[in-house]
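Take this structure one step at a time. Keep the sequence and the 3D view side by side as you read.

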Amino acid sequence: MAGRTELGLVLLGVLLHSAYMLSIFDIYFKTPIIHGMEPVAPRIDAPAKRLVLFVADGLRADKFFELEENKPRAPFLHSIIHTKGRWGVSHARPPTESRPGHVAIIAGFYEDPSAVTKGWKANPVEFDSVFNRSRHTVSFGSPDIVPIFCGALNNTKWDTYSHEYEDFATDASFLDEWAFDKFQDLLNRSRTESDLRQKLEGDGLVVFLHLLGCDTNGHAHRPYSPIYLNNIRVVDKGIERTVRLMENIFPDGRTAYVFTADHGMSNKGSHGDGDPANTETPLVAWGAGVRGPSRAKPHQEKEDSLKFVDEHTHHMETPDGWGLKGLERLDVNQGDIAPLMSSLLGLPCPMNSVGVVPTDYLALEKVEQAEVVFANAKQILNQVLRKSDLKQASSLFFKPFPPLLDYSSLLEQIERDIAQGQYESAIKSGRNLIQLALAGLHYFQTYDWLFLMTTIVAGYVGWMLYILLHLLKTYSTISFQQNKRNVRVTGSSRRHMRIAGGTLMGVCSMVLLVELAPPLYHVYIGLAVFFWTEVLGDITNIQKVISMVFSSKLSWFTKLFAMAATSLLIMELLVQSFFQREVYTAVFVAAGVIGAVAVSWNTPGLSIVPAFVWAACWFLAGFTLMPVQIADNTYLVVGSGLAVVTLAVFARWIDSRQSKLLFWRPLVWGYSRRVDKSWILFALQVSLVLASSMMVWITTSHREKQRKLPVIYQVTNWSISGVSMLLPLHSPRSMLTRLTSIYLGFAPPFLLLSIGYESLFYTALAMVLLSWTLVESAVLFGPSGEIESLPSHDVEEKYSKTRKQSLKLMDLRVAVCFLILINVAFFGTGNVASVASFEISSVYRFITVFNPFIMGALLLCKVFIPFILVTSAFSAVTRLLALPRFGCYLLVLLLSDVMTIHFFFLVRNTGSWLDIGQTISHFGIMSAQVVFVLILFAITSVYTRDLQWASEQASFDVLSTSKFK
């Protein structure tokens with residue numbers, strides 16, 4: 001019965017946290033794509049017949065624009081900037097990944113980040129784009145990008161290279177050469193193939209060349225490497241050849257060109273977050289319909305308060321090192337490129353676009369500029385009107401967007417201004433209407449915000465009260481026994497409450513069905529109603545608990561208040577640690593002092609253990625002061641392998657030599673009969689650790705020489721990792737021996753996935769975990785511990801019976817320590833709130849050919865390994881203290897959800913996208929962490945389910961000896 005109840009609680013916990021973690025997508029990441037609008041074409045003659053779009057994937061702006069020895073790194077495009085075209089920085093919005101970046105460039109809107117999870121393999125086009133609007137599209141490039149936009153279209157000719165070409169161990173600039181060669185071959189064939197010539201000569205042609213070389217080389221070699229910088233020259237020369245060939249074949253002067261990038265690249269070879277190195281990309285436009293260069297103008301202060309989507313201000317200073325100081329710089333949002341291309345081709349803007357056409361790039365008369373802006377405003381307004389109609393049709397209590405109630409008069413005013421030749425006024429009014437329409441889109445995008453936030457917070461609070469009641473009834477010493485009359489009253493009250501809850505849920509479901517709400521809305525409100533129904537149905541026991549608390553002695557009440565306040569303070573510090581990792585430094589500096597004092601107080605005369613606890617905590621405290629960006633350091637990774645072995649030898653020495661110390665008796669194996677076999681296993685595990693260190697050196701040397709990693713090395717690394725993680729299953733069951741074996745077992749894969757100082761973090765974390773078990777054992781056996789008051793005979797059995805698998809107030813410290821350690825396992829070497837903190841180069845010792853799923857799984861494995869160490873130590877501590885493991889897990893859940901609710905309130909729906917994205921990622925991480933703990937308990941139980949104390953007789957002998965002394 002108890003097992004069934006526990007399983008039910010676990011399932012409810014998984015359901016609640018999984019569903020409520022998804023709620024952030026319903027609140028903030030709802031797809032902006034809607035259908036049913038009519039396209040709005042600008043009433044102008046198309047300036048260009050054809051347009052060529054070059055996208056250099058992963059090219060950051062500063063590396064492209066900056067001079068090298070007073071010469072441009074991309075001489076052809078720099079000459080275009082100086083003589084023919086316009087230039088600026090295109091500001092991307094996080095997540096700075098390839099798919100969202102290309103969607104912004106080609107379709108003009110910022111795709112919700114959840115779309116990244118839809119996959120990278122030939123996705124159907126689910127939205128309107130410049131390619132859809134074109135008469136014909138030609139595209140060559142990566143198999144991860146081109147099929148997303150061209151795979152489902154009939155008016156396209158496209159081709160991609162094989163995935164095997166994307167090898168991180170080589171110079172990937174040949175991928176760009178492949179795209180240029182393919183298109184140039186097509187152009188040359190058009191000289192003799194009349195059908196092909198006809199397609200390329202007609203109006204509304206779009207050519208898209210996706211150039212992946214910079215992204216691949218940036219990941220593998222970093223954006224400051226000679227290979228990455230040379231790739232920029234390759235792109236520049238390829239564009240020069242392509243443009244000259246285009247102008248030779250089509251000398252009509254009706255071709256426009258746009259060069260840009262989807263995202264940048266951080267110094268450590270990653271992207272994803274809102275760092276300027278990731279969000280700032282180059283933009284160069286020239287050709288038909290594009291203005292020529294002009295001198296830089298003085299900045300207008302009234303516009304300097306405006307910000308781009310990456311929170312950077314307008315009119316940013318152009319660096320002297322770019323050699324472009326005297327030329328006008330026109331920065332845009334990445335989503336503005338789509339309406340720019342549409343205007344050049346005289347096409348309607350993509351219907352879901354939120355980009356604002358940058359008229360300063362266009363060589364148009366004022367009347368044509370007014371028409372372009374007017375069409376842009378009507379296109380965005382149509383989205384607002386469509387969303388308003390859809391919401392009104394399904395809402396019982398609809399609230400329109402007030403500023404656009406009289407939108408028709410605004411449209412008529414712009415029409416009159418254009419008809420009367422008041423073009424400046426029309427342009428200004430059109431831009432104002434665009435801003436109102438964008439605000440209207442935001443209003444309807446977050447229309448259900450208040451309802452969802454209230455429901456989800458109520459659900460979390462109800463869940464926490466439900467768990468708290470279960471803890472009190474199952475694991476506390478409070479008596480909830482009732483006489484027959486009270487049982488009948490309680491049962492009747494619970495039935496009435498469930499009937500009321502069911503009725504309320506039925507009414508809410510009917511309302512949601514009428515409003516055509518998504519199915520998850522029913523789940524959100526259903527969970528909240530269920531938990532509150534169960535809590536209020538147990539009102540008799542709630543009253544008993546409240547009565548007991550207020551009737552307790554002042555000392556107990558003070559202890560309760562102090563423990564609760566301390567726990568909440570620590571939870572708040574953990575919340576703050578998501579913004580400032582340095583919080584952990586202060587926490588572990590204090591923990592080192594507290595732990596050393598605790599051991600000294602309970603084991604007087606022993607200096608080595610307090611010194612070890614102090615040193616371990618202070619050693620770990622230093623890691624959160626180190627930079628998030630991990631520099632490559634092969635020597636440190638290899639040396640960390642020796643550190644792993646050193647700590648394992650120290651633990652083994654404790655296990656075999658120090659068994660006469662009382663407080664270590666539950667932890668060590670001592671001189672058992674199986675010690676010889678365990679030494680063989682220990683030697684084998686140490687050998688695998690040393691072998692993994694050697695493979696780190698060998699594989700890194702191959703990559704630095706730009707040589708392809710031999711398959712035998714990859715197989716060796718996979719084999720070492722797989723075998724080492726299985727060996728702990730065969731180690732003795734004593735606590736310290738098993739924990740040491742687990743530590744050695746997961747060291748090889750962690751070392752092989754490390755590139756720098758995070759390899760040393762593994763040993764530092766293990767030292768703290770060993771210190772935790774030593775401190776708990778010292779307190780347990782100390783003068784004020786529970787063991788001291790028990791008879792010496794059968795100490796383990798009598799202690800377990802005394803505890804009766806119950807939880808006391810002070811046991812809350814175990815859950816608090818676990819949460820601190822599980823969080824420092826995440827943030828000790830980085831910041832998982834930032835996508836760019838995941839270092840993709842750490843997987844190159846296992847796989848070099850690009851495969852996002854295998855690479856992602858390896859990165860996830862690296863993240864999980866410190867978690868497994870922490871959870872194993874937690875299992876050992878609960879076994880040592882004879883605590884109910886599931887009860888401790890519920891305490892962890894309660895404390896975690898305090899943090900989760902806090903992060904839920906910190907989520908912002910105003911300000912920069914960077915701020916919004918970070919706060920949402922914090923909430924998602926915390927919610928996912930709670931679900932991950934369930935998985936971790938299942939994984940670590942394989943290794944720790946049979947942990948045991950030392951023999952009872954040995955405990956009796958040592959305890960008796962100690963007392964006689």
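**A guided walk through the chain**

Apart from its neighbours within four places in sequence, E534 is in contact with Y466 and R498. E534 belongs to helix α18, which covers residues 519–537. Is E534 buried or exposed? Its relative accessible area is 15%. The limit for a buried residue is under 20%, so E534 counts as buried. Remember that you are looking at a predicted model.

Now step back to the whole chain. It contains 33 helices and ten strands. It has 965 residues, and 58% of them count as buried. Next, look at the contacts between residues at least 6 apart in sequence. Of these, 80% join residues at least 24 apart.

Turn to the sheet. Which strands build it, and in what order? Eight strands line up as β6-β5-β7-β1-β8-β9-β4-β10. The sheet is open, and its pairing is mixed. At the edges sit β6 (156–160) and β10 (332–333). Each of these edge strands pairs on one side only. Follow β10 to its partner. Strand β4, residues 86–91, pairs with β10 in the parallel sense, over two bridges. H91 has N333 in β10 as its bridge partner.

Helices pack against these strands. Helix α12 (residues 337–345) packs on the sheet. It touches β1 (50–56), β4, β7, β8, β9 and β10. The direction of α12 makes about 160° with that of β1. Helix α3 (residues 75–83) lies across β4, β8 (255–260) and β9 (280–287). Against β9, helix α3 runs at about 65°.

Next come the aromatic rings. How many aromatic pairs does the structure hold? There are 46. One of them joins F131 and F208. Their ring centres are 5.5 Å apart, with 40° between the planes, and the pair is tilted. This pair links distant parts of the chain. F131 is in helix α5 (residues 130–133), while F208 is in strand β7 (residues 205–211). The two residues are 77 residues apart. Both F131 and F208 are buried.

Another pair joins F623 and Y757. Why is this pair called tilted? Its ring centres lie 6.2 Å apart and its planes meet at 35°, so the pair is tilted. Both partners sit in loops. F623 lies in the loop between α22 (608–621) and α23 (634–657), and Y757 in the loop between α26 (735–752) and α27 (758–781), so the pair ties together parts 134 residues apart in sequence. F623 and Y757 are both buried.

Rings can also be linked into groups. Here, ring pairs connect Y20, F451, Y460, Y521 and Y524 into a cluster. The charged end of R50 sits over the ring of F250, 4.5 Å from the ring centre. R652 has its charged end over the ring of W679, also 4.5 Å from the centre.

Charges bring us to salt bridges. Side chains of opposite charge can pair when their charged atoms come close. The count for this structure is 27 salt bridges. In one of them, the side chains of K63 and E66 meet, at 3.8 Å from N to O. Both K63 and E66 are buried. They are also part of a network of salt bridges that links K63, E66, E68, R73 and R233.

Look now at R133, which forms a salt bridge with D128. The closest N and O atoms are 2.9 Å apart. Are these two residues buried or partly exposed? R133 has 26% relative accessibility, so it counts as partly exposed. D128 has 7%, so it counts as buried.

Finish with R813 and E776. They form a salt bridge whose closest N and O atoms are 2.6 Å apart. This pair links distant parts of the chain, with R813 in helix α29 (residues 812–827) and E776 in helix α27, 37 residues apart. R813 is partly exposed, with a relative accessible area of 25%. E776 is buried, with a relative accessible area of 5%.

Key. Residues are numbered from 1 along each chain as its sequence is written. This is a predicted model: local features need pLDDT of at least 70, side-chain atom pairs count only at pLDDT 80 or more; totals for chains, interfaces and linings use all residues. Side-chain values use heavy atoms; hydrogens and water are left out. Rings of Phe, Tyr and Trp (its six-membered ring) pair if their centres lie within 6.5 Å; planes under 30 degrees apart count as stacked, over 60 as edge-to-face and the rest as tilted. Helices (H or I, at least four residues) and strands (E, at least two) are DSSP runs, numbered from the N terminus. Buried means under 20% relative accessible area, exposed over 50%, partly exposed in between (1.4 Å probe, protein chains only). A charge sits over a ring if NZ of Lys or CZ of Arg is within 6 Å of the ring centre and within 35 degrees of the ring normal. Two strands pair if DSSP finds at least two bridges between them. Contact means heavy atoms within 4.5 Å. Axes are lines fitted to C-alpha atoms, for helices over the stretch in contact, and angles run from 0 to 180 degrees between N-to-C directions. A salt bridge is a side-chain nitrogen of Lys or Arg within 4 Å of a carboxyl oxygen of Asp or Glu.
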